[in-house]
Amino acid sequence: MEKIQYTPIIIESLIFGKNSDYPLYIKSGENFILYRSKALVFSQNDALRLKNNGVDNLYIELKDKEKYDNDILEHIETIIKSNDTNFEEKAVKIYIYSKVYAEYVVTTGNLRENQENVKKSIETTIEYLLMSEFAFMNLLNLSSYDYNEVGHGMNVSIYSMALANRLGFSNKISLYEIGLSGLTHDIGKLKIPKELLSKNDLSEREAHEIQKHPIYSKEILTANGIDNDNIINGVLEHHEASDGTGYPFGKMEEDISTYGKILIITNSFDSLTRNRLYRLKLSVPDALNLMEQNSNLYNKAFLKEFILLMSKKAL
Ligand SMILES: [Fe+2]
């Protein structure tokens with residue numbers, strides 16, 4: 001008998017999925033146990049119950065993945081246009097939907113297989129961001145709870161799109177490019193051994209290896225068929241600095257692309273306001289103050305706009 005293959009799904013995504021006809025499984029050790037033969041109406045309470053029992057993911061059979069993706073896509077398109085769903089609630093649904101695909105991409109480096117879904121999730125976020133000046137804050141209120149690589153990628157993506165929009169980018173294609181660049185900027189860390197990423201005392205050689213991750217990010221994107229210069233430059237330059245002290249190339253500001261200048265700011269900010277292994281996060285005002293004190297690292301005009309953008313959050 002052919003072995004059934006399974007793929008994880010995020011529990012919250014089922015809350016807004018329609019009543020699908022594919023079975024759901026729970027993983028126990030190496031085994032997959034049937035949880036529901038049909039995904040009947042799945043409520044917030046069901047999700048909470050699973051979470052309380054330590055279940056983070058449900059699984060579906062790999063052959064049902066396309067149906068699952070289509071269900072989510074269909075539903076999210078209805079949600080964003082719906083007059084019945086309030087504006088904050090839309091942010092929650094869009095965020096959960098985006099997270100499903102962000103997680104696939106950031107944890108596997110496989111963009112090709114989910115490219116359409118990732119594109120749709122970023123485009124949906126853009127559509128939402130452009131609806132109202134309150135949209136950005138609604139998304140930020142959700143993102144604060146994620147302290148991992150997926151949350152970091154999503155935050156940098158959302159911050160970068162909002163900053164680009166504030167700087168006058170209103171073209172949806174440009175906003176999509178910067179959103180994808182933000183989401184995938186650290187994807188190259190997948191090529192670096194985990195032990196190295198969590199190590200405290202790095203040798204010079206090890207530090208140098210970690211500093212190559214923007215180059216690895218580019219390599220992963222290229223391997224996935226993405227060769228758009230804007231996207232690639234944003235990813236490659238996210239650790240550069242205007243005064244030439246960044247890495248991996250030590251570029252000066254005049255050699256850094258516009259997307260790079262945006263990502264340098266958004267990546268710094270999200271790193272400062274997020275708990276790391278050896279350091280506690282800074283508050284939003286403290287992070288913005290620190291960045292202002294070190295303004296030689298950033299494009300000053302962009303930094304000023306970013307501080308204005310985030311100032312509502314700081315209040
Ligand atoms: Fe990075």
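**Close-up views of a predicted model**

**Figure 1. The largest nonpolar core of the predicted model has 65 residues.** Within this core, the residues that touch the most other members are Val 105, Leu 129, Met 161, Ala 162, Leu 163, Ile 262 and Ile 265. Helix α3, which runs through residues 87-108, gives the most to the core, with 10 residues. The core lies between domain 1 (1-65) and domain 2 (86-314), because both domains give residues to it. In soluble globular proteins, nonpolar side chains tend to be buried together.

**Figure 2. Leu 129 and the residues it touches.** Leu 129 is one of the core residues that touch the most other members. Which residues does Leu 129 touch, not counting those up to four places away in sequence? They are Ala 135, Phe 136, Met 161, Ala 162 and Asn 165. Met 161 and Ala 162 are also among the core residues that touch the most other members.

**Figure 3. Domain 1 and domain 2 in contact.** The protein chain is divided into domain 1, residues 1-65, and domain 2, residues 86-314. The C-alpha centres of the two domains lie 30 Å apart. How many residues of each domain are in contact with the other? Four residues of domain 1 are in contact with six residues of domain 2. On the side of domain 1 that touches domain 2, two residues are nonpolar, one is polar and one is charged.

**Figure 4. Glu 305 in helix α14.** Helix α14 covers residues 300-314 and contains Glu 305. Is Glu 305 buried or partly exposed? Glu 305 counts as partly exposed because it has 18 C-beta neighbours inside 10 Å, and a buried residue would need 20 or more. Leaving aside neighbours within four places in sequence, Glu 305 is in contact with Leu 163, Arg 166 and Leu 167. Of these, Leu 163 is also listed among the core residues that touch the most other members. Leu 190 is 115 residues away from Glu 305 along the chain, and the C-alpha atoms of the two are separated by 32 Å.

**Figure 5. The whole protein chain, for orientation, with 14 helices and four strands.** The radius of gyration is 20 Å, close to the 20 Å that the globule rule gives for 315 residues, so the chain is as compact as a globular protein of that length. Along its principal axes, the C-alpha trace spans about 60 × 45 × 35 Å. Buried residues make up 36% of the 315 residues. Among contacts between residues at least 6 apart in sequence, 68% join residues at least 24 apart.

How values were computed
Residues numbered from 1 in each chain as written. Predicted model: local features only at pLDDT ≥ 70, side-chain atom pairs only at ≥ 80, totals over all residues. Helix = DSSP H or I, 4+ residues; strand = E, 2+ residues; numbered from the N terminus. Rg over C-alpha atoms; globule rule 2.2 N^0.38 Å. Buried ≥ 20, exposed ≤ 12 C-beta atoms within 10 Å, placed from the backbone. Contact = placed C-beta atoms within 7 Å. Core = buried A, V, L, I, M, F, W, Y, C linked by C-beta atoms within 7 Å. Domains from an automatic or database assignment. Nonpolar A, V, L, I, M, F, W, Y, C, P; charged D, E, K, R; others polar.
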